[in-house]
Amino acid sequence: MDADRAAWEQRSVVRVVPPVEPRKLAKVPFVELADGRLQGVVSSGSDIERVYVSSITAGTHALSCSTNNNRPCGALHGYACKHIRQLADEAVLQYGLDRVARYLGVEVPEGQSLMSSINGPVERTPAAVVFSRFLRHLAYLEVPDSTEPLAELHWFPATRAVR
């Protein structure tokens, strides 16, 4: 078991973990646990051309929500707006409640939702980094199917490299 774990830890690539539950990507096309936050992109309910970048900071549970060009969400006033709630719901579908709660450092009582246990301050965080990562993920959808390596990912070794 230790030898298998050591071999896995030496690889540069990590297996993609399938979602815990199936997700619909129309409302929350991008969700990630990164940079000490649960963060992602949430579609606007009123304008098809507008998206919001929402996040919850681990530990402090600070809430942030703004459009992709940093205009503040009009519904974020000391409590979570619908964009943050949708992000949290999709994160639970993607990663599971235990993993998200552990990452954020929150205790969720049995039978409760993640957001019922989060009550943090509003803290504006820049949307550009998260939105750029989202756009990068979208760009990969346009890459034609191929078994050849992608030039920009050439530094990833093959998973069964000869030693």
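This is a predicted model: local features need pLDDT of at least 70, side-chain atom pairs count only at pLDDT 80 or more; totals for chains, interfaces and linings use all residues.

Trainee: Which side chain does the side chain of Thr125 make a polar contact with?
Mentor: That of Ser64, at 3.0 Å. A polar contact is a pair of N or O atoms within 3.5 Å; within protein, one must be able to donate a hydrogen and the other to accept it, and residues adjacent in sequence count only if both atoms are side-chain atoms.

Trainee: And where is Thr125 found?
Mentor: In the loop between helix H3 (97–104) and helix H4 (128–141). Helices (H or I, at least four residues) and strands (E, at least two) are DSSP runs, numbered from the N terminus.

Trainee: Is Thr125 buried or exposed?
Mentor: Buried, with a relative accessible area of 18%. Buried means under 20% relative accessible area, exposed over 50%, partly exposed in between (1.4 Å probe, protein chains only).

Trainee: New topic: what about phi of Asp35?
Mentor: Phi is near 55° there, a positive value in a residue other than glycine. Most residues other than glycine have a negative phi. Asp35 sits in the loop between strand S1 (30–34) and strand S2 (37–43), and is partly exposed at 47% relative accessibility.

Trainee: And what is phi for His61?
Mentor: About 60°, also positive, and His61 is not a glycine. His61 lies in the loop between strand S3 (51–57) and strand S4 (63–67) and is buried at 12% relative accessible area.

Trainee: What order do the strands have in the sheet?
Mentor: S1-S2-S3-S4, an open sheet of four strands with antiparallel pairing; two strands pair if DSSP finds at least two bridges between them. S1 and S4 are the edge strands, each pairing on one side only.

Trainee: How many bridges join S2 to S3?
Mentor: Seven, and the two strands run antiparallel. Gly40, for one, has Ser54 in S3 as its bridge partner.

Trainee: Which strands does helix H2 touch?
Mentor: H2 (residues 82–95) packs on the sheet and touches S1, S2, S3 and S4.

How values were computed. Residues are numbered from 1 along each chain as its sequence is written. Side-chain values use heavy atoms; hydrogens and water are left out. Contact means heavy atoms within 4.5 Å. Axes are lines fitted to C-alpha atoms, for helices over the stretch in contact, and angles run from 0 to 180 degrees between N-to-C directions.
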